Amino acid sequence: MPLHDAPEIKRGSRKQPPEKSDPERGQANDINGSKPALKNPAPTAPHSLSVLDNIAIMLDVDGTLLDIAPRPQEVFVPKNLRETLQRLRGQLDGAVAFVSGRPLEDIDRIFTPLKLPAVGGHGAEIRMPGDGRIKRHTRVVFDPALKAQFYEVAKLGPGIIVEDKDYSIALHYRLAPHLGGKVMDAVAAIYDRAGSHIFEILPGKSVVELKPRGFNKGIGLKYLMRHAPFAGRKPVFIGDDTTDHAAFAVLPDFKGIGYSVGGIVPGASFNFDGPEDVRLWLELLSRGVPVEAR
Ligand SMILES: [Mg+2]
């Protein structure tokens with residue numbers, strides 16, 4: 001059934017994304033701290049999703065599909081979301097995937113019993129469609145001594161949570177927002193000592209993530225797109241944070257479409273207010289309901 005291009009959802013008024021960053025959004029709007037490259041577009045997005053059977057849906061998880069929880073282990077999968085994703089997978093011949101910074105094991109724990117093809121650990125591991133084979137980026141090593149330095153940063157005060165994702169490490173300060181500046185300063189000092197070629201700093205929403213160089217979500221997305229049932233389709237990627245920029249950046253290679261959540265990021269052509277809107281849009285898409293463009 002034809003779907004109009006806009007992931008427009010009829011529910012209340014649509015907020016404009018903030019013009020400048022705030023502590024909740026970190027630098028999601030623009031990694032360089034300058035003005036966003038794209039303004040919030042008109043509600044009618046410029047791309048057409050009229051050919052439902054020729055798209056692939058690629059979804060970031062935290063902050064995109066799921067609401068961010070105070071602690072990363074506490075994220076909640078709302079009722080019906082698994083069914084929506086399952087139905088969508090059926091509609092798209094399997095071309096639905098997660099693209100997350102979490103390890104695959106963690107993604108599976110959250111969505112059990114649903115197992116979708118997935119890019120995990122920011123591209124460090126990929127579960128292929130079909131046989132479920134897992135491809136690992138074997139050269140990825142996060143130096144334990146370096147990791148230990150980030151654990152030390154958490155001692156700046158209570159409320160700083162270390163999330164060790166194996167391939168990367170994240171420091172959450174959602175529960176201690178007043179320590180955000182100190183966390184960033186400490187991370188910057190480690191970065192200066194280690195050398196910029198060693199790892200990347202990925203600031204997010206009340207979190208900063210440290211990831212070795214050599215892999216990212218964009219590389220993972222490209223890998224999936226080279227294999228059935230993704231190959232030949234147009235990827236529709238939805239993401240919300242700095243770690244998603246690499247995925248947005250490769251979309252033009254596949255004539256893909258990027259949608260952001262909570263604030264326009266470079267490469268995105270439409271912005272959802274929050275994960276709830278994304279879930280509703282996916283639900284409508286999975287049911288073949290025409291999504292009304294304004
Ligand atoms: Mg996210």
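Colleague: Before we start, how are residues numbered, and which pLDDT cut-offs apply?

Modeller: Residues count from 1 along each chain as its sequence is written. As this is a predicted model, local features need pLDDT of at least 70 and side-chain atom pairs count only at pLDDT 80 or more, while totals for chains, interfaces and linings use all residues.

Colleague: Thanks! How many helices and strands does the protein chain have?

Modeller: Both are DSSP runs numbered from the N terminus: helices are H or I with at least four residues, strands are E with at least two. On that basis the protein chain comes to seven helices and twelve strands.

Colleague: Which residues of helix α5 are buried, and where do they lie around the helix?

Modeller: Take buried as 20 or more other C-beta atoms within 10 Å of the residue's own, with C-beta atoms placed from the backbone (12 or fewer is exposed, in between is partly exposed). In α5, residues 217–225, that picks out Lys 217, Gly 218, Gly 220, Leu 221, Leu 224 and Met 225. Their directions from the helix axis to the C-beta atoms define an arc, and seen down the axis of α5 the buried residues fall within 160 degrees, so they line one face of the helix.

Colleague: Nice. What is the strand order in the open sheet of four strands, and which strands are at its edges?

Modeller: Two strands pair if DSSP finds at least two bridges between them. The pairing is antiparallel and the order is β6-β7-β9-β8. Pairing on one side only makes the edge strands β6 (161–164) and β8 (199–203).

Colleague: What angle does helix α3 make with β7?

Modeller: Contact means C-beta atoms, placed from the backbone, within 7 Å. Angles run from 0 to 180 degrees between N-to-C directions, with axes fitted to C-alpha atoms, for helices over the stretch in contact. Helix α3 (residues 144–153) packs on the sheet, touching β6, β7 and β9 (207–212), and its direction relative to that of β7 is about 5 degrees.

Colleague: And is the packing of α1 and α7 parallel or oblique?

Modeller: Helix α1 (residues 81–91) and helix α7 (residues 275–286) have axes 9 Å apart and an angle of about 45 degrees. Under 35 degrees counts as roughly parallel, over 145 as roughly antiparallel, 65 to 115 as roughly perpendicular, and the rest as oblique. That makes α1 and α7 oblique.

Methods: Two residues are in contact if their C-beta atoms, placed from the backbone, lie within 7 Å.
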